[in-house]
Amino acid sequence: MTFRKYKDLILGSVMLVISGLYLYFAQQIKTRPKIIPSYSNARIFPTILGILLLAMSILLIIQGIRKAKSFDASKGDTGDQVSKEDYLVVVLTLGVILLYVLLMVPLGFNLSTMLYLFVQFMILAPKGKRKPIQFAVIAIAFSLVCFFVFRVGLSQMLPRGIIESLLGY
Amino acid sequence: MSTWQLIANGFAMVLTPVGLLLQVVGVAVGIVFGALPGLSATMAVALFLPVTYSMTPSNAMTLLMALFIGAISGGLISAILLRIPGTPSSVATTFDGHPMVKKGQAAKALGVGIVFSFLGTIFSTILLMFIAPEIARVAIAFGPAEFFSIAIFSLTMIATLSSGNMVKGIIAGLVGFMFSTVGTDTIEGTQRFTFGLTNLKGGFDMLGVMVGLFAVGEIIAAAETAHHKQQSEITVPNMKGIKGFGFTVKEFVGQRWNALRSALIGFGIGVFPGIGGGTSNMLAYTVAKTADKNPERFGTGCIDGLVAPETANNATIGGALVPLLTLGIPGDTTTAMLLGALTLHGLTPGPLLFQNQADVVYGIFAAMLICSFIMLAMEFYGLRVFVKMLAIPKYILLPCIFVLCALGAYQLKNNISQVLACLLFGLVGYGFKKFSIPSTPFILGFILGPLAEVNYRRGMMVTNGSFTPFLTSPISAVFLAIAVLVIVIYATKPLREKRKAAKGN
């Protein structure tokens, strides 16, 4: 509820900070005044962009304050409400995705993909629909199909691990 | 070489066994992506880019065009049968398409949708074939001033038109532009925002950014609901025993003006950056309804209301390729992916493409025509298979798609840093969704930004720091003027509405 009320205000403030940081680092860009004149150096566009974002974030903050004042919780679409449990799924999903990406090189493409898919299916599937055996079969099959299409069919490189060595690639 | 010779060459190029196979596979996969809600044409092209890495440029573009055409058309299946548009391009298709199903005319609705999708694609491809080379001929004389102004014009259009909130649209465009400034500056050669990281020196890869924002972001967002949404039941219409395409010749002839008008609307909207298929189907529907003698028929399941959006959304494909191929300017996210694909295969879209790689260009045109026929046959005879695909649960589908994203990102540079970048942009995409920021301006800011910057700085160097040539070149001046006008109109809209309301009271 509070998030919806202050959405634009939060966004505007975040963008204000970003534009400030961006402008600061934009002034740190090294230029070569002897070769490139100041009106077309590497700093000019970042500076313009930073100033424009600064202006837009202030506009958004003003809009956000107005919106928060006239905010009516009963109005607007309530369809996009997300429960705590839903966020837990999002956080878990992000976690396994990150683990998958980090483990892809040490474990090899196939093992990491099979593990990722299985765990991700289990997290996303509704409670009554969790079928570990079916999920495992799909995870293994999908990973192997991808591997053969890309590695053998399209001769692309993929991270190697135990399964890849066993398969002889 | 004459135009006809070029066209014949184009056909010869894509009518190889491999070319045909790619088109059949591309259209089939495209239809699935279009039909499945949550997957889009952009995602289809993004996921299949890695598959094209080792192909010839012509085969690669053939496959991607097949995906594009299939995906835009495939949206009608779920729009008609489930009343859920498979892609934003088929929102208006649900209005009359689903009521027809309720009246027991499912087969007829699908037949009409499929045939007019086909006609829309063919019509717009033919227009494209004859208009694009002419524009390329004019554009060859464009200098930095013209390219700068066209880029700024496109950015303004996208930022203001693609969302309800202009401030948020502009913010998205600016942030996309900012990400494009990371890396080694192309003119001065100095480092910008690299913070000493070697991986950032080359800047962010366009494909990594797009796959992240559109595919990964979508998956993270879907995680919120995937675990409690139940799949809805679909009835498979019986297509057997239906004569022709399910509608009569008389009905077909009666739609000729509606179809032509909708095709022109679709094509025109495609040419202008920032509006795209999501709008063209709605606009064509509204125009058809307004122009009709009995507008109350619309929404109750009349074929007019189905012909308009389905012709228009496919006609947008041909239109959207005009600025992409002739100027190198993508008007929406799918053409942005195609721009990435062209660049990846060493082709630079723009006026010179028509001179230097005319074979590829005409190959694309030929592929579009052939794919339309493949789409027509496949959607009509293979409908049952596509409807079955709609039953695949999201919790199985989305993780598999993420694996494909990761694979594609990994293969960009054969290292994991690209996958991490892709993940980062996935988070950005999810954040955008949460704060209702449109992602299209972000992507186009990222792509068109450098075009605007480089041309501005080059132009200023040529003129020794004078901005006048940007205003005295007629083409450049017109585009800049429209850009300013659009901003003024949008910025003063609330003021004018207030005044109107005050008068009304």
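What are helix 7 of chain B and helix 8 of chain B to each other in direction?

A: They are oblique to each other. This is a predicted model, in which local features need pLDDT of at least 70, side-chain atom pairs count only at pLDDT 80 or more, and totals for chains, interfaces and linings use all residues. Residues are numbered from 1 along each chain as its sequence is written, while chains are lettered from A and ligands numbered from 1 in the order in which they are written.

Start with the pair itself. Helix 7 of chain B covers residues 144–161, and helix 8 of chain B covers 166–180. (Helices are DSSP runs of H or I, at least four residues, numbered from the N terminus.) Their axes come within 7 Å and cross at roughly 135°. (Axes are lines fitted to C-alpha atoms over the stretch in contact, with angles from 0 to 180 degrees between N-to-C directions.) Angles under 35 degrees count as roughly parallel, over 145 as roughly antiparallel, 65 to 115 as roughly perpendicular and the rest as oblique. The crossing of helix 7 of chain B and helix 8 of chain B is right-handed.

Next, the residues. Helix 7 of chain B brings L155(B), I158(B), A159(B) and T160(B). Helix 8 of chain B meets them with M166(B), G169(B), I170(B) and G173(B). (Two residues are in contact if their C-beta atoms, placed from the backbone, lie within 7 Å.) By class, this contact has 5 nonpolar, 3 polar and no charged residues. (Ala, Val, Leu, Ile, Met, Phe, Trp, Tyr, Cys and Pro count as nonpolar, Asp, Glu, Lys and Arg as charged, and the others, Gly among them, as polar.)

Chain B is assigned domain 1 (3–203 + 248–391 + 438–504) and domain 2 (395–437). (Such bounds come from an automatic or database domain assignment.) The C-alpha centres of these two domains are 23 Å apart. Where they touch, 10 residues of domain 1 of chain B are in contact with 10 residues of domain 2 of chain B. Helix 8 and helix 3 (41–52) of chain B each supply at least two residues of the domain 1 side. That side has 7 nonpolar, 2 polar and 1 charged residues.

Compare another helix pair in chain B. The axes of helix 1 (residues 3–14) and helix 16 (residues 358–381) of chain B also come within 7 Å, crossing at roughly 70°. That makes helix 1 of chain B roughly perpendicular to helix 16 of chain B. Residues of this contact include L6(B) and F11(B) of helix 1, and Y362(B) and F365(B) of helix 16. The contact has 11 nonpolar, 3 polar and 1 charged residues.

Now step out to chain A. Here 50 residues of chain A are in contact with 43 residues of chain B. Helix 3 (84–107) is one of the chain A helices that supply at least two residues of this side. Helix 3 of chain A gives the most, with 10 residues. The chain A side has 37 nonpolar, 9 polar and 4 charged residues. Chain A is itself divided into domain 1 (2–69) and domain 2 (84–167). Their C-alpha centres lie 39 Å apart.

Key:
A crossing is left-handed if the near helix is turned anticlockwise from the far one by less than a right angle, and right-handed if clockwise.
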